[in-house]
Amino acid sequence: MSAQQTGLDLETKLIERTMAQRDEMFTKADAEAKAMVDSAQAEAQRITAETERQVLSIVASVLRGVRDRIVGGVELESRKRLMLAREEVFMQIYADAQKRLGEFATDRKAYHETLVKLTAEAVQAIGGEEFTISASDRDLADLKKNLKKLEADVHKATGVKVTLRLNDTPIAASGGVIINNPNGTKVYYNTFEGRLAAAKTRLDVKLAKLLVEA
Amino acid sequence: MEVKKVLSVGKRLQAILEEAERESQQRLADAKRRSDEILTKARAEAEEKKAKAQRGAGIDDLIKAEEARARKEAEKIRADYGQRIEAITKLPRKKHDAAVELVLKEAMPK
């Protein structure tokens, strides 16, 4: 083998090795470039998907707002109308009950029995033996005549021998009494109006149910 | 003479490798620029879509359909409440009397 041939072989090997190195550099760079672009595309897809989700949520929220504005307004207004209608019916029921109580108070015999019960209830609630009794103008006139009978009937009902004193100042009530102890530290409001007001707080739910079932 | 020739080839090959290195770096820089463009575009489109949705733009038809649906629902609610109100205000006498009796029973002493 000549020296010239040896030189050519060496040169060929050098060229081949260099070209292989160059190809390897390109292959590596292309792979890195592809990975970079692929990663960016994947991230872009993730952003797009996330945006779609957010847009759907925003659209749903906008549509919910549209619905709430229309339906919510009507519902609120209707509920208010229902409440007012119910309140009106309640007021009529209580007014009729009040009227019936007023009428009942004119039946002196039955009313006296109720008056005894109302007084007895107050006497037991306050405690003691001496009480001042306040009543309407009409009842005061009757009580002045029947005070002893009332004391006796209350005694019979409660077992307590009571002394009742009439307050000459009439109260505004369709029936019932206000009882207080002698020094006025304990007062028991047992008028029809007071009892109706107390009943109202207990009965509103029952009445509402009764109306719903109507 | 032969050594000189080999050195000359070596220089040329070194130049080829240097050029290849520059070319590789250029390819990476191009990829980086393209990646940045892809991401910038995706982010800009996302912001635009969200802003449009928040303005309600592009969903006019959906909004109109929802309004129509809501009005229908509202009418039904109004009618339902109307029936309930009518039932209450036109309470049968018997029921009314029963309610009054209930109140009296509660108000009168036992």
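**Entry 1: chain B**

I read chain B from the N terminus and noted its elements as α-α-α. The model I am reading is a predicted one. My tally for chain B is three helices and zero strands. I then looked up burial: of the 110 residues of chain B, 9% count as buried.

**Entry 2: where chain B touches chain A**

I looked up the interface next. On the chain B side 58 residues are in contact, and they meet 63 residues of chain A. I listed the elements of chain B that give two or more residues to this side: α1 (2–55), α2 (60–89) and α3 (93–107). Which of them gives the most? I found α1(B) to be that element, with 26 residues. By class, I noted 34 nonpolar, seven polar and 17 charged residues on the side of chain B that touches chain A.

**Entry 3: T18(A)**

I picked one residue of chain A, T18(A), and found it in helix α1 of chain A. Its contacts, leaving out residues up to four places away in sequence, are L13(B), I16(B) and L17(B). Is T18(A) buried or partly exposed? I counted 19 other C-beta atoms within 10 Å of T18(A). Being buried takes 20 or more, so T18(A) is partly exposed.

**Entry 4: α1(A) against α3(B)**

I noted the crossing of α1(A) past α3(B) as right-handed. From α1(A) the contact takes I93(A), Y94(A), D96(A), A97(A), R100(A) and L101(A). From α3(B) it takes H96(B), A99(B), V100(B), V103(B), L104(B) and A107(B). I sorted the residues of this contact into nine nonpolar, one polar and two charged.

**Entry 5: α1(A) against α4(A)**

I then looked at a pair within chain A. Helix α1 (residues 3–104) and helix α4 (residues 192–212) of chain A pack with their axes 10 Å apart, at an angle of about 135°. α1(A) and α4(A) are therefore oblique to each other. I recorded a right-handed crossing here, with α1(A) passing α4(A). The residues of α1(A) in this contact are R86(A), V89(A), F90(A), I93(A), Y94(A), A97(A), Q98(A) and L101(A). They meet F192(A), L196(A), K200(A), L207(A), A208(A) and L211(A) in α4(A). I sorted the contact of α1(A) with α4(A) into 11 nonpolar, one polar and two charged residues. I93(A), Y94(A), A97(A) and L101(A) are among the α1(A) residues that meet α4(A), and they are also among those that meet α3(B).

**Entry 6: the sheet of chain A**

What is the strand order of the open sheet in chain A? I read four strands in the order β2-β1-β3-β4, with mixed pairing. The edge strands are β2 (163–166) and β4 (187–191) of chain A, each pairing on one side only. From one strand to the next I noted an average twist of 25°. Strand β1 (residues 130–134) of chain A runs parallel to β2(A), joined to it by four bridges. In that pair F131(A) stands opposite L164(A) of β2(A).

Notes
Residues are numbered from 1 along each chain as its sequence is written. Chains are lettered from A and ligands numbered from 1 in the order in which they are written. This is a predicted model: local features need pLDDT of at least 70, side-chain atom pairs count only at pLDDT 80 or more; totals for chains, interfaces and linings use all residues. Two residues are in contact if their C-beta atoms, placed from the backbone, lie within 7 Å. Ala, Val, Leu, Ile, Met, Phe, Trp, Tyr, Cys and Pro count as nonpolar, Asp, Glu, Lys and Arg as charged, and the others, Gly among them, as polar. Axes are lines fitted to C-alpha atoms, for helices over the stretch in contact, and angles run from 0 to 180 degrees between N-to-C directions. Angles under 35 degrees count as roughly parallel, over 145 as roughly antiparallel, 65 to 115 as roughly perpendicular and the rest as oblique. A crossing is left-handed if the near helix is turned anticlockwise from the far one by less than a right angle, and right-handed if clockwise. Two strands pair if DSSP finds at least two bridges between them. A residue is buried if 20 or more other C-beta atoms lie within 10 Å of its own, exposed if 12 or fewer, and partly exposed in between; C-beta atoms are placed from the backbone.
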